[in-house]
Amino acid sequence: MIWQNSVMRAFAVRSIGATASLGYGLLLANVLTPDAMGKFTIALSVAIIASTISKFGLDAYLMRNAASRPQESYRVTVYCLSLAGFIGSLVWGGCTWAGLEFYESANTAFVVLLLGIPFLAMIYVLTGLLKSGNLPATAVFLETGCWQTLLCLCAIVMQLFGYDSLLLVAICFSTGLALIFVISFFLSWHHVLGRKNLNQEVRSGMTCDYGELTAMAGLTASSVIMRWSDAIWLAWWLDSQEIAVYMICTRLAGGISFIDNAVNAIAAPRFARFFASGKTSTLRRELRRACTISGIWGTVGAIMVMLIGPFILHGLGSPYSEASEILLFATLAIAIQVAWVPIGHFATMTGRASVHFKSTAIALVVQQLAFLLFIPHFGVMAALFGFALSRILSFMITFGVLRHRSALLIDQ
C-alpha cells in the first residue's frame, strides 16, 4: 500500500471526523442554553478522560505487537479487549459514584452518559488492530469521529423536534457507542483476524511485556489528563458560559490536529514493522516524512481556521462572537505542536514508550502547575497557554532523550 495514498484516505476520513467534532459542538450550542452547554462540556470531559484512561495504552500495545508479530494478533486482541472492558467497567463505577457524591450538577443524564465508558474504551483498543491490519481509514473514524458523529445526529434530531434535553444526548451517546463496538468488532474479525490461521495462534503462546504495557498505560493516562483537564480546572473558577466559549474555540482550533490521527494510523505500524526488521535508515526516513507532512498540513489547517473561524463564532452570536482572540491563540498553540507529534508515536512503536511516558509526565506536572497558578488570574488564556506549553515540552524532551541515548535517530 502506497504511503501517500494511505495518508490521503485517512486524512479524508479524519476531515469528516473533524467536521463532526466541530459540528456537534456548534449544533448543541444552538439548541442548548450556554449554561446547559457548559454542564454538558464538563460531563463529556469526564467521560472521555475516563474512556481514554480505561484503554490503558492497550491500543498502542495491540498495534505494536500485531504489526511486528502478526502471528500473535488473535491472542493479543482477546487479551487486550478483555482487559479494557474490565478496566472500563471499574472506571465507570468509580466515576458514577464520584459524580453523584461530589458533582452538584450530576443527575440522571450524567449517569447515563457515563455508561458509554467501557464501550468507548474497547473501541479505542480495536483501532490498534485495524491500523496494524492496513485499515487506517476505518481506525481513524472510530478513534476520532464515531462519538462525535453520534452527537451530531442527536443534535440534528433535537433541532428538528425542538428538544433541549441533556438526557436525550446521554442516551444517544451510550447506546450508540455500544452499537458501534459490536459493528467494529465484527469488522475487525472479518477483515483482520479472519485472515490469520487462528488454530495456529491458539496453540502458540503469547508473552506480555508488562513493563512496556505499564509505560503505555501511563502515557495514555498522562496524555488524556493533559488534553482534557483544562475544562475541569476552568470549572473551579469560571462560570458555565465562559467554559462553553472555551470549548467552542478549542473545537474549532482542534481541527488542525486531524493530521496526527492520519499519520498515526499509517506511520505508527510502519515504525513497528521497520524496527522489528532492523531497518533503521528507513525508520529515520519515515519519521522525517511524518513530521514534514504533519507540519505542512498543520500550517494549512491553521490558516483555514483563522480565516473561517471568526465567521462561525459570529454566527453563533453572543457570547461566542466576542471570542476571536481566544480562537487565534488556540489556533497558534495547536499549529506549533502538531509537527512534533510523530516523535511520540516513533518512541512508542520502537520500544521506547517509557521515555515518552516520563517526558509526558514531566510536562503534565508543568501544565497542572500552570493551570493552578494562572487560570485564577488570566482565565481561558492561561488554559490555552498551559495546554500548548505542556505538549511541546513533552515532544521536545522525548526527542532530546532519543537523540542522546538511541542510535535510531543518528545517521550512521
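In this predicted model, D59 is a residue of helix α3, which covers residues 58-68. D59 has a relative accessible area of 9%, under the 20% limit, and is therefore buried. Beyond its neighbours within four places in sequence, D59 is in contact with Y124, V125, T127, G128 and E143.

F56 is found in the loop between α2 and α3. Its phi is near 60°, a positive value in a residue other than glycine. F56 has a relative accessibility of 31%, which lies between the 20% and 50% limits, so F56 counts as partly exposed.

**Overall make-up**

The secondary structure of the protein comes to 18 helices and 0 strands. Of the 412 residues in the protein, 56% are buried. Among contacts with a separation of 6 or more, 83% are between residues 24 or more positions apart.

**Two helix pairs**

Two packed helices are described by the angle between their axes and the distance between the axes. The table gives these values for two pairs.

| Helix pair | Residues | Angle between axes | Distance between axes |
|---|---|---|---|
| α14 and α15 | 280-316 and 324-338 | about 170° | 9 Å |
| α7 and α8 | 136-144 and 146-161 | about 60° | 4 Å |

Helices α14 and α15 pack at an angle of about 170°. An angle over 145 degrees counts as roughly antiparallel, and α14 and α15 are therefore roughly antiparallel to each other. On the α14 side, the contact is made by S294, G298, A302, V305, M306, G309, P310 and L313. On the α15 side, S324, L327, L328, T331, L332, A335 and V338 take part. By class, the residues of this contact of α14 with α15 divide into 10 nonpolar, 5 polar and no charged.

Helices α7 and α8 pack at an angle of about 60°. That angle makes α7 oblique to α8. The contact is made by F141, L142 and T144 of α7 together with C146, Q148 and T149 of α8. The contact of α7 with α8 has 3 nonpolar, 3 polar and no charged residues.

L313 lies in helix α14 and is one of the residues through which α14 contacts α15. L313 has a relative accessibility of 0%, so L313 counts as buried. Leaving aside neighbours within four places in sequence, L313 is in contact with I248, C249, L252, Y320, S321, A323, S324 and L327. Two of these contact residues, S324 and L327, belong to the α15 side of the helix contact. Along the chain, L313 and C249 are 64 residues apart, while their C-alpha atoms are 8.2 Å apart in space.

P319 is found in the loop between α14 and α15. P319 and E242 are 77 residues apart in sequence, and 8.2 Å separates them in space, C-alpha to C-alpha.

**A43 in helix α2**

A43 lies in helix α2. With a relative accessibility of 9%, A43 counts as buried. A43 touches F110 and L113, residues up to four places away in sequence not being counted.

**The cavity**

Rolling a probe the size of a water molecule over the atoms shows where empty space is left. The structure holds 1 cavity of 30 Å³ or more. About 80 Å³ of space lies in the largest cavity.

The largest cavity is lined by T41, S45, R227, W228, D230, A231, I243, Y246, M247, T250 and R251. Helices α2 (34-54), α11 (210-237) and α12 (240-254) each supply at least two residues of this lining. Helix α12 gives the most, with 5 residues. The lining of the largest cavity divides into 5 nonpolar, 3 polar and 3 charged residues.

Conventions: Residues numbered from 1 in each chain as written. Predicted model: local features only at pLDDT ≥ 70, side-chain atom pairs only at ≥ 80, totals over all residues. Heavy atoms only, no water. Buried < 20%, exposed > 50% of the residue type's maximum accessible area, 1.4 Å probe, protein only. Contact = heavy atoms within 4.5 Å. Axes fitted to C-alpha atoms, helices over the stretch in contact; angles between N-to-C directions. Parallel < 35°, antiparallel > 145°, perpendicular 65-115°, else oblique. Nonpolar A, V, L, I, M, F, W, Y, C, P; charged D, E, K, R; others polar. 1 Å grid on protein atoms, 1.4 Å probe; cavity = no way out; pocket = protein on both sides within 12 Å on 5 of 7 lines; lining within 4 Å. Points joined across faces, edges and corners; volume = space filled by probe spheres on them.
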